[in-house]
Amino acid sequence: MCPPGRATPPHILIDGVTTLRYQLPERSSVRLQLFNILGQTVRALVDDDQESGHHEVLWRGDHARGQEVAAGVYLLYPVTPSKDCTMS
């Protein structure tokens with residue numbers, strides 16, 4: 001489920017690159033917002049209308065200004081109108 005304000009399990013950045021996968025049951029507006037463990041926004045990974053189906057986004061371990069972030073735990077907040085979005 002992808003309701004606003006609900007985090008997915010933490011994603012751990014180890015080698016500077018992480019692939020995030022998700023599935024949409026129908027065409028939808030999608031926003032994937034990434035936060036550090038202090039609750040600070042790192043960057044938006046996706047902010048777009050997308051077709052139904054499987055999707056993936058590659059995060060190269062950088063923040064919104066393009067600089068590399070430290071290895072660690074980051075929280076991904078997916079927001080879609082659909083309550084059936086699944087993440088892995």
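User: Why is Arg31 called partly exposed?

Analyst: Its relative accessible area is 32%. Buried means under 20%, exposed means over 50%, and partly exposed is what lies in between (1.4 Å probe, protein chains only). The value for Arg31 falls in between, so Arg31 is partly exposed. This is a predicted model: local features need pLDDT of at least 70, side-chain atom pairs need 80 or more, and totals for chains, interfaces and linings use all residues. Residues are numbered from 1 along each chain as its sequence is written, and side-chain values use heavy atoms, with hydrogens and water left out.

User: What makes Asp47 and Arg31 a salt bridge?

Analyst: Their side chains meet at 2.6 Å, N to O. A salt bridge needs a side-chain nitrogen of Lys or Arg within 4 Å of a carboxyl oxygen of Asp or Glu. The pair meets that cut-off, so the name applies. It links distant parts of the chain: Asp47 is in strand E4, Arg31 in strand E3, 16 residues apart.

User: Why is Asp47 called exposed?

Analyst: Its relative accessibility is 53%. That passes the limit for exposed, so Asp47 gets the label.

User: How many salt bridges are there in the whole structure?

Analyst: A search finds four. One of them joins Arg27 and Glu51 at 2.5 Å, N to O. Arg27 lies in the loop between E2 and E3, and Glu51 in the loop between E4 and E5, so this bridge ties together parts 24 residues apart in sequence. Another joins Arg43 and Asp62 at 2.8 Å. Arg43 is in strand E4 and Asp62 in the loop between E5 and E6, so parts 19 residues apart are tied together.

User: How do you know what counts as a strand, and how many are there?

Analyst: Helices (H or I, at least four residues) and strands (E, at least two) are DSSP runs, numbered from the N terminus. By that rule the protein has zero helices and seven strands.

User: Why is the pair of Trp59 and Tyr74 called edge-to-face?

Analyst: A search of the whole structure finds one aromatic pair. Trp59 and Tyr74 form it, at 5.1 Å centre to centre and 75 degrees between the planes. Rings of Phe, Tyr and Trp (its six-membered ring) pair if their centres lie within 6.5 Å; planes under 30 degrees apart are stacked, over 60 edge-to-face, and the rest tilted. Trp59 is in strand E5 (residues 53–59) and Tyr74 in strand E6. Both residues are buried.

User: What makes a set of residues a nonpolar core, and which members touch the most others in the largest one?

Analyst: A nonpolar core is a set of buried Ala, Val, Leu, Ile, Met, Phe, Trp, Tyr and Cys residues joined through side-chain atoms within 4.5 Å. The largest core has 14 residues, and Leu32, Leu34, Leu45, Val46 and Trp59 touch the most other members. Strands E2 (18–24), E3, E4, E5 and E6 each supply at least two of its residues.

User: How do you know which residues Pro81 is in contact with?

Analyst: Contact means heavy atoms within 4.5 Å. Leaving aside neighbours within four places in sequence, Pro81 is in contact with Ser28 and Ser29. Pro81 sits in the loop between strand E6 (72–79) and strand E7 (86–87).

User: Is Pro81 buried or exposed?

Analyst: Pro81 has a relative accessible area of 65%, so it is exposed.
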